[in-house]
Amino acid sequence: MLSAPLPDNEEERLEALYGLNILDTIEEQAYDDLTFLSAQICGAPIALISLIDRNRQCIKSHHGFDITVMSRELGLCPYAILDDELTIIEDASKDERFHDNPLVTGEPHIKFYAGAPLIFSAGVRIGALCIIDTVARTISPDQQKALEALARQVVSQLEQRQAVHDLNISNKHRSDVLTKLKNSEARERARSRTLEKLAKGCLLSEVLESIVYSVEDELEESPCSILLLDDEKKHLLLGAAPNLPTFYNDAIHNMETGPMSGSCGTAAHTGQRVIVEDIQNDPYWEPFKALASKAGLAACWSEPIHSSEGELLGTFAIYHTTPQAPDDAGISVIEHASKLAAIAIQRKREEQVLRTAKHLAENASKAKSQFLSSMSHELRTPLNAIIGFGQLLKIKGSNISSEEAQGYIKEIMSAGYHLLDLINEVLDLSRIEAGHLNLQIESIPLNPVLTECLAQINAGLADQLDITLANHIDDPNLAIMADSQRIRQVLTNLLSNAVKYNNKGGSVAIKTELVGEDRLRIVITDTGIGIATADIDRLFDPFERLSSSYGNIQGTGIGLTVTKTLVEAMSGNIGVNSIVDQGSSFWVELPSAKTENQVVVG
Ligand code: ADP
């Protein structure tokens, strides 16, 4: 048996064959008709369309012999593709090339063979249309021409098939391009709409809702949601999900993020995209399966929303009513929507920061002006006293009794000390504001410090107003961690306020409470004028004097600001409970001292 040599242009030929995408395709009526006609016209029992692959022959159509593939070595058709002419073998059993070929010696017992090459283009022959008989014979010239004509029909079928295939591909390409174009237009529109809403100052919820609507328009029947991470970065809050059922949104609002918290909770926990193709069979959704099923949701793809600095802001999710995975287009939709949501959230946050900063700046400037006017008033009063009594001394000269002169000098000295206090407080505040606060935190026994402060207050205003000061701390071992000078300043200020804003004959009481294991609360309670609940928030703001600025009680409104800053610098807290006309309880909470260790804070 001799195998046919390879054509000179074998690679070019194979390339043309592969380009037809015809190998290993199912049987088709058009080709079967042509093998049937070939057999009929030539009066042969068998007709085949054989496509010659590199090592095999694929039988695209067979009539009279049931075969779909055979080795290239065995076939007679590989001889038929060597030139453009018809190959005729009248008796294969007598031909030295085929006499021992298994197709000749066995099934289908080929004797006669006539093969017309399938000429695809000049010299490119991809296979043959052949007829086979089991007896030695020949065919007439007309039958030969008919076989060649039918071979041309096979080629034309193949070309048509190829053209349809190419057309389908180009149609598919066109429709892909059109879809992409449509999607990109839709996204551009969504982007402009979002920016327009931001520019118009719409609420964040409205802007997010418009992003959700635009994605839902693009995808059809896929409700979407935007969830926002709370300030603690632990829970997801509903941002916008207008087309998810209310009961579902209510259940999801404020959900905790975590490793098994549905698509969004898990995406917010890991900061990575989470694609859940089938909710009912996904461990991430274990706690929410019943909820999802009630809402008719079967798949959920969630994309984390990151700010331009990489901070996690929330999640954007697309839901589906049937299990499914996203293709590239689906991924691109969620990526785009999450970027758009990030722009909106960030822009709104920046607006909020600007608004707060503006508000603070306005308040600070208002407070500073108030401070200046209150300061000039406060400075003028003692200065007037100093100048007034000085002038009296001058005018009266030697006509003044020494008792009267001593009285004037006392007034001048008191006004001078008041001025000094005022200036010291302002300097203190400016030093703290500039960050120049050096604290030496150490264990301070509480009782001795309080006794000292009380003695100071008692000797002054308390005496004049007949106010009783009582220290109810009976444990002599109580100690706190604080700066020795600054804790005195804090307690003196609170005690002097408790006296200043008290009623004549009132009282001030001091006691302590343990807070947890390692903090001590010092509570100073007075029976004075009290503070309205609405005023308590601004109490510690600089230069706030509340209603007292309208009365005769002297002060600058700086004392409590300085006090709060000092307490916090010593790792403490300060607060107040008060009832108007009944009195106030100011408390300071500081770390209690357990050892004598000294800690230095600069
Ligand atoms: P100043 O006493 O110099 O005005 P502070 O900063 O010490 O400044 O106090 C701010 C304001 O808080 C006071 O002007 C007063 O209106 C109110 N306040 C402070 N302590 C008390 C208190 N014990 N009872 C009622 N009001 C108080």
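1. pLDDT is the predictor's confidence in each residue, on a scale from 0 to 100. The model is predicted, and the chain averages a pLDDT of 90, with 97% of the residues scoring at least 70.

2. Where pLDDT is low, the predicted coordinates should not be read in detail.

3. On overall form, the C-alpha atoms fill a box of roughly 165 × 50 × 45 Å along the principal axes. The radius of gyration of the chain is 49 Å, whereas a compact globule of 602 residues would have one near 25 Å.

4. The chain has 15 helices and 20 strands, and 45% of its 602 residues count as buried. Among contacts in the chain with a separation of 6 or more, 64% are accounted for by residues 24 or more positions apart.

5. The second largest pocket holds about 600 Å³ of space; it is lined by 27 residues, of which Thr179, Asn183, Glu218, Leu219 and Ala329 are the closest to its centre.

6. Which helix gives the largest share of the lining of the second largest pocket? That share, ten residues, comes from α5, while α5 (141-199), α6 (204-219) and α10 (328-396) each supply at least two residues.

Conventions. Residues are numbered from 1 along each chain as its sequence is written. This is a predicted model: local features need pLDDT of at least 70, side-chain atom pairs count only at pLDDT 80 or more; totals for chains, interfaces and linings use all residues. Side-chain values use heavy atoms; hydrogens and water are left out. On a 1 Å grid over the protein atoms alone, a cavity is a set of points where a 1.4 Å probe fits but cannot get out, and a pocket is an open set with protein on both sides within 12 Å along at least five of seven lines; lining residues have an atom within 4 Å of a point. Grid points are joined across faces, edges and corners, and a volume is the space filled by probe spheres set on the points. Helices (H or I, at least four residues) and strands (E, at least two) are DSSP runs, numbered from the N terminus. The radius of gyration is taken over C-alpha atoms; the globule rule is 2.2 Å times the number of residues to the power 0.38. Buried means under 20% relative accessible area, exposed over 50%, partly exposed in between (1.4 Å probe, protein chains only). Contact means heavy atoms within 4.5 Å.
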